[in-house]
Amino acid sequence: MSERNTPATSHDRGDEPSRATKKIILNAFVEMCSGHQSPGLWAHPDDHSIEFNDLDHWVRLAQILEDAKFHGIFIADVLGGYDVYGGPQNLKPAIISGAQLPVNEPLAVVPAMAAATKNIGFGVTVSTSYEQPYHLARRLSTVDHLTKGRVGWNVVTGYLDSAARSLGHKAQAQHEDRYAMCEEYIEVMYKLWQSSWRDDAVKLDKRRRIFTDPDLVREINHKGKFFDVPGPHLCQPSPQRTPVILQAGTSKSGKAFAAKHAEAVFLSGHTPAAVAKSVKDIRQQAESFGRDPQSVKFLVKMCPILGRTQADAEAKYKDLQSYGSFDGAMALFGGWTGIDMAPYGDDEELRQVQTNSIRSYMESLASNAPKEGKWTKHTLAQHIYVGGLGAIAVGTPEHVADEFERWVREADVDGFNIAYALMPGTFQDVVALLLPELRRRGIFWDDYSVPGGTYRENLQGTPGEPHPRADHPAAKLQWHGHERSFMSEQLPVL
């Protein structure tokens, strides 16, 4: 298991490792809360994540990351508290430890970060389970305009019953039902973004006093099982029309959705082998949908703990571990998996349980035993303290770069979502220590492919192509400038 990834590397042995050939994509993985994936570390004297209510905090982070040429900032979100541990509906462990509670709305901070930068993209998490698509389409189009096309949407269906209860439901819908609604939801979004306004609808003709040609704006008249949306879209086409579509689920339904729609997929696993099968499966399914499988970018969650020597990195990791919150770790685990560890004895092994939460986490745990031999609540907590559930690389820049290359080579991923232990210290270490080594190896770019371009152009490396690729389902619905109007019932079927 790569919970620490500190064995001898090829550099230690004196031979040169085989090199990855891809240019690595890097996103910062954050949330508008303290600690995020590292419960309790907000109390560390070098951590500044408790400043999440301060706009300057986010602007500074965006500037640090853009100066380093990060591709994007991926902002996670939840709409409820982690109330499974010690339940039922027990929020005390999350509240006292600050485990993603309090948490702010992520989209609100994006325009300020964009105003202070020119290139970096912003992926924002919004659930399809609790908000009407007509409303969300306008919010995302608005921010795509304000950022000059640097917005991505992380499409999620939710996983917390606490969110469902606070939004008028007894519990969240079953997993498969959530994805069925999500599929129709995104179809409505594509129709609003791509088909409601022709590319050249806005005329701004001051002489004839025509702002928009009314013949070039139409209702979508969507009628489905879950949504009835006449439209039209309230916003004119934004720079990307459809924001970059991001996705983060590897259940059977999640993989099918990703294969059809996602332009970037976020994965979490303990070893390359744990995610390689999902990457291969999604690429194959994407090809069956008529998409170029290599156009789907896979980013795995990684928390690097860097030191100039291996001993320095190990000491740093040990120090970080000492600030971890057991209550916070158990609260997060309960929310992620739906499993309450409170009734478990100290040495009792975690049992595989089918839940309605994030199924991929349990699948990963089941296939990767910890060094201690079994997952107990204490081994789980020790692993979650730094970086949450996922891969951690502890070592020198050379060792961590080796690990990055190993993941690219063995799992066929395209890059990494960097989870922080300390904010912004983890990112500053990546910038100062790791990026020079990645650039020395020729596997991280020196600058943005399209300076001042859209998130899609820089993520895909496609200058002059801010809209979804021709093989993406959203592209089938785009109302181009040369096309005549047609009735909504003749729109292509996704």
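Buried here means under 20% relative accessible area, exposed over 50%, partly exposed in between, with a 1.4 Å probe and protein chains only. I then placed His233 in the loop between β8 (228-229) and β9 (244-247). Helices (H or I, at least four residues) and strands (E, at least two) are DSSP runs, numbered from the N terminus. I listed the contacts of His233, leaving aside neighbours within four places in sequence: Ala137, Arg138, Ser141, Leu192, Trp193, Ser196 and Trp197. Contact means heavy atoms within 4.5 Å.

I noted the ground rules. This is a predicted model, in which local features need pLDDT of at least 70 and side-chain atom pairs count only at pLDDT 80 or more, while totals for chains, interfaces and linings use all residues. Residues are numbered from 1 along each chain as its sequence is written, and side-chain values use heavy atoms, with hydrogens and water left out.

**The whole chain**

I counted 16 helices and 13 strands. Of the 494 residues, 59% are buried. I checked contacts with a separation of 6 or more: residues 24 or more positions apart account for 79% of them. The accessible surface comes to about 19500 Å², by the Shrake-Rupley method with a 1.4 Å probe. Carbon and sulfur atoms hold 51% of that surface.

**The cores**

I searched for nonpolar cores, sets of buried Ala, Val, Leu, Ile, Met, Phe, Trp, Tyr and Cys residues joined through side-chain atoms within 4.5 Å. The largest has 84 residues, and Phe70, Trp153, Phe404, Val413 and Phe416 have the most contacts inside it. Helix α7 (residues 175-195) gives the largest share of this core, 10 residues. A second, separate core of 47 residues includes Ile25, Phe74, Leu160 and Ala331. I also looked up Phe70: beyond its neighbours within four places in sequence, its contacts include Leu26, Ala28, Ile120, Ile418 and Tyr448.

**Aromatic pairs**

I found 13 aromatic pairs in the whole structure. Rings of Phe, Tyr and Trp (its six-membered ring) pair if their centres lie within 6.5 Å; planes under 30 degrees apart count as stacked, over 60 as edge-to-face and the rest as tilted. Phe29 and Phe74 are stacked, because their ring centres are 5.2 Å apart and their planes are at 5°. Phe29 lies in strand β1 and Phe74 in strand β2 (residues 72-76), so the pair ties together parts that are 45 residues apart in sequence. Phe74 also forms a tilted pair with Phe266, at 4.1 Å centre to centre and 35° between the planes. Phe266 lies in strand β10 (residues 264-267), so this pair with Phe74 of β2 ties together parts that are 192 residues apart in sequence. Both Phe74 and Phe266 are buried. I noted one aromatic cluster formed by Trp153, Tyr185, Trp193, Phe226 and Phe227.

I checked the length of helix α14 (residues 397-411): at 1.5 Å a residue, its 15 residues should span 21 Å, and its end C-alpha atoms are 21 Å apart, which agrees. The expected span is 1.5 Å times one less than the number of residues. In α14, 11 of the 15 residues are buried, among them His399, Phe404 and Trp407. Just after α14, Asp412 takes a positive phi of about 65°.

In strand β13 (residues 415-419), 5 of 5 residues are buried. I found 5 bridges joining strand β1 (residues 25-31) to β13, running parallel. Ala28 stands opposite Ile418 of β13. Strand β11 (residues 297-306) is joined to β13 by 4 bridges, also parallel. Val300 has Phe416 of β13 as its bridge partner. Two strands pair if DSSP finds at least two bridges between them.
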